[in-house]
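Please look at the sequence and the model below before reading on.

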Amino acid sequence: MQTKILAVFLVLTITALASGFQSSAEWMKYTSEEGHYIVLVPQQPKLSSQEVPAPDGTKFTQYMAQASDADSFYLLGYFDYTPNMVFSLDKARDGMLEATKGTLLKEEAISLGVNSGKELKVSTTNEGFDLLIRIRFYEVGRRIYVLQHIFQKSAESPAIATKTTKFFDSFKIMPVK
């Protein structure tokens, strides 16, 4: 009887452990012809767009691709700013902190080729959950790209850091045809 219980326990444990691992082969390359980018995501992203007002009242469209896995949410958004707008990475950071009611834990200047950017680590609370958001902004011509990896603070680990790196480092700009 004990052998049978042990065998069932081992099968359940192995199954649970196996479902917790995700091989790199499970991630897919997503290409956005409209957004002119390629990125790796854990599943086919859901696409959406929304009209938003600029500070001067003109409207522009934000485009988003969202994907998730067992413990994370991935978002890649972009928009083209109008000729009347002036973009600031610092104001983008401040806007992100205000929108999430977050606390800035880390910030560094980054680049994507010749294009400037910023990487942030933000702590926030949403619906009782303590969350961490890893964010990258890039300014490419008059287009802004925003990548976010969101996960529960309690899940922060080397495995989560690997996912963040995989998502961020896979992001590539495609030449405009």
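The paragraphs that follow start with the chain as a whole and end with two single residues.

This is a predicted model, in which local features need pLDDT of at least 70 and side-chain atom pairs count only at pLDDT 80 or more, while totals for chains, interfaces and linings use all residues. Residues are numbered from 1 along each chain as its sequence is written, and side-chain values use heavy atoms, with hydrogens and water left out.

The chain has three helices and 10 strands. Here helices (H or I, at least four residues) and strands (E, at least two) are DSSP runs, numbered from the N terminus. Along the sequence they come in the pattern α-β-β-β-β-β-α-β-β-β-β-α-β. Of the 177 residues, 42% count as buried; buried means under 20% relative accessible area, exposed over 50%, and partly exposed in between, with a 1.4 Å probe and protein chains only. Contact means heavy atoms within 4.5 Å. Among contacts between residues at least 6 apart in sequence, 45% join residues at least 24 apart.

Next come the empty spaces. Rolling a probe the size of a water molecule over the atoms shows where empty space is left. On a 1 Å grid over the protein atoms alone, a cavity is a set of points where a 1.4 Å probe fits but cannot get out, and a pocket is an open set with protein on both sides within 12 Å along at least five of seven lines; lining residues have an atom within 4 Å of a point. Grid points are joined across faces, edges and corners, and a volume is the space filled by probe spheres set on the points.

The largest pocket has a volume of about 990 Å³. It is lined by 35 residues, and those closest to its centre are Gln62, Phe79, Ala92, Gly95 and Met96. Several elements give two or more residues to this lining, including strand 3 (46-53), strand 4 (59-68), strand 5 (72-80) and helix 2 (89-100). Helix 2 gives the most, with six residues. By class, the lining has 22 nonpolar, 11 polar and two charged residues. In this sorting Ala, Val, Leu, Ile, Met, Phe, Trp, Tyr, Cys and Pro count as nonpolar, Asp, Glu, Lys and Arg as charged, and the others, Gly among them, as polar.

There is one cavity of 30 Å³ or more. About 40 Å³ of space lies in the largest cavity, and the residues lining it include Tyr30, Tyr37, Ala67, Tyr74, Leu76 and Phe167. Strand 2 (37-41), strand 4 and strand 5 each supply at least two residues of that lining. The lining divides into 10 nonpolar residues, one polar and no charged.

Some of these names return among the aromatic rings. A pair of aromatic rings is described by the distance of the centres and the angle of the planes. Rings of Phe, Tyr and Trp (its six-membered ring) pair if their centres lie within 6.5 Å; planes under 30 degrees apart count as stacked, over 60 as edge-to-face and the rest as tilted. The structure holds 14 such pairs. Trp27 and Tyr74 form an edge-to-face pair, with 5.4 Å centre to centre and 75° between the planes. Trp27 lies in the loop between helix 1 (2-20) and strand 1 (28-32) and Tyr74 in strand 5, so the pair ties together parts that are 47 residues apart in sequence. Trp27 counts as buried because its relative accessibility is 8%, and Tyr74 is buried at 1%.

Tyr37 and Phe171 form a tilted pair, 5.8 Å centre to centre and 40° between the planes. This pair links distant parts of the chain, with Tyr37 in strand 2 and Phe171 in the loop between helix 3 (158-170) and strand 10 (172-173), 134 residues apart.

What are the residues with the most contacts inside the largest nonpolar core? They are Phe87, Ile135 and Phe137, in a core of 20 residues. A nonpolar core is a set of buried Ala, Val, Leu, Ile, Met, Phe, Trp, Tyr and Cys residues joined through side-chain atoms within 4.5 Å.

Two single residues remain. Ser123 lies in strand 7 and is buried, at 13% relative accessibility. Thr164 lies in helix 3 and is buried at 2%. Leaving aside neighbours within four places in sequence, Thr164 is in contact with Arg134, His149 and Phe151.
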